[in-house]
Amino acid sequence: MEQDEKEVPVVYLHDVHRRYKQGEDTLTILDGATLALWEGQSVALVAPSGTGKSTLLHIAGLLEHADEGEVYIGGAATSSLSDKERTQIRRTDIGFVYQSHRLLPEFSALENVMMPQMIRGLSRKETVKRSQEILSYLGLSERVTHRPAELSGGEQQRVAIARAVANAPRVLFADEPTGNLDPQTADHVFQALMQLVRATGVAMLIATHNMELAGRMDRRVSIQHGKVIELD
Ligand code: ADP
Ligand code: MG
């Protein structure tokens, strides 16, 4: 492993394999993918559609199982954990942002950010305070009572980011988070993500087609023949 040998990566995918059955055929998507994500480092995952970016993010984020290989979170293997234990790790250590915001439409921005903290069992008072802080940090202090439909696309994504980091995860995965946004809004949302990496030291992996944004991140990787390769 590169970098300081003494440090443990926040996330380490080791020799991950993932296949999908397609009728008679087997589609091999990941074929020995290995990737280390480090604290405070932003990594762009740039690869054509269908190469397995979402699959890799889902496996690294413990939303899906690998067929072979191991996912270590903070040095601890996860493959043989129970679903309950994996869910617990997802709640405390992992944040996810998708291309569409996936906010709950019936709830305000504040309530959407409160939700993961309430599920985790924090007090309501604490949760309100923390959610307000995160939303204002992301420039949304005037939008806390708005429902998703009353927000612009960029604001919706920033609320989704606030929700993803509400429990102070160690790693943030974002799957084409600016894919639906115009260039200026995409830039704004991207800056919010980078600001969080700098301020909190969270590790970040963003799947994106945007080469300009990828160029502004700390590191760039791709997927080729089911393996992760370093770009540059
Ligand atoms: P990307 O995010 O890079 O566009 P995906 O990880 O979504 O790629 O998908 C990689 C390939 O795996 C695609 O060809 C897709 O059709 C296939 N795939 C993804 N999920 C499934 C599934 N649940 N069942 C069958 N094939 C799948
Ligand atoms: Mg995808």
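## A tour of salt bridges and pockets

Select Glu133: this residue is partly exposed, with a relative accessible area of 44%. The model on screen is predicted.

Stop 1: Lys129 is exposed, at 53% relative accessible area.

**Stop 2: the second largest pocket.** Glu133 also belongs to the lining of this pocket. Select its neighbours in the lining, among them Arg130, Ile134 and Tyr137. The space here is about 180 Å³. Colour helix H4 (124–137) and helix H6 (183–200): each supplies at least two lining residues. H4 gives the largest share, 4 residues. By class, the lining has 8 nonpolar, 1 polar and 2 charged residues.

**Stop 3: the largest pocket.** About 500 Å³ of space lies here. Of the 18 residues in the lining, select the ones closest to the centre: Arg90, Arg91, Ile94, Pro116 and Arg163. Now show helix H2 (83–93), strand E6 (94–97), helix H3 (109–120) and helix H5 (153–164). Each of these elements supplies at least two residues of the lining. Which element gives the most? H3 does, with 4 residues. Colour the lining by class and you get 11 nonpolar, 4 polar and 3 charged residues.

**Stop 4: strand E1 and a loop.** Select Arg18 and Asp67. They form a salt bridge, the closest N and O atoms being 3.4 Å apart. The pair links distant parts of the chain, 49 residues apart. Arg18 is in strand E1 (residues 11–22), while Asp67 is in the loop between helix H1 (53–60) and strand E4 (68–73). Is Arg18 buried or exposed? At 15% relative accessibility, Arg18 counts as buried. Asp67, at 38%, counts as partly exposed.

**Stop 5: strands E9 and E10.** Select Arg219 and Glu230. Their side chains meet in a salt bridge, 2.7 Å from N to O. Arg219 lies in strand E9 (residues 219–224) and Glu230 in strand E10 (residues 227–230), 11 residues apart. Arg219 counts as buried, at 8% relative accessibility. Glu230 is partly exposed, at 42% relative accessible area.

**Last step.** Show every salt bridge. How many are there in the whole structure? A search finds 10.

Terms used:
Residues numbered from 1 in each chain as written. Chains lettered and ligands numbered in written order. Predicted model: local features only at pLDDT ≥ 70, side-chain atom pairs only at ≥ 80, totals over all residues. Heavy atoms only, no water. 1 Å grid on protein atoms, 1.4 Å probe; cavity = no way out; pocket = protein on both sides within 12 Å on 5 of 7 lines; lining within 4 Å. Points joined across faces, edges and corners; volume = space filled by probe spheres on them. Nonpolar A, V, L, I, M, F, W, Y, C, P; charged D, E, K, R; others polar. Salt bridge = Lys/Arg side-chain N within 4 Å of Asp/Glu carboxyl O. Buried < 20%, exposed > 50% of the residue type's maximum accessible area, 1.4 Å probe, protein only.
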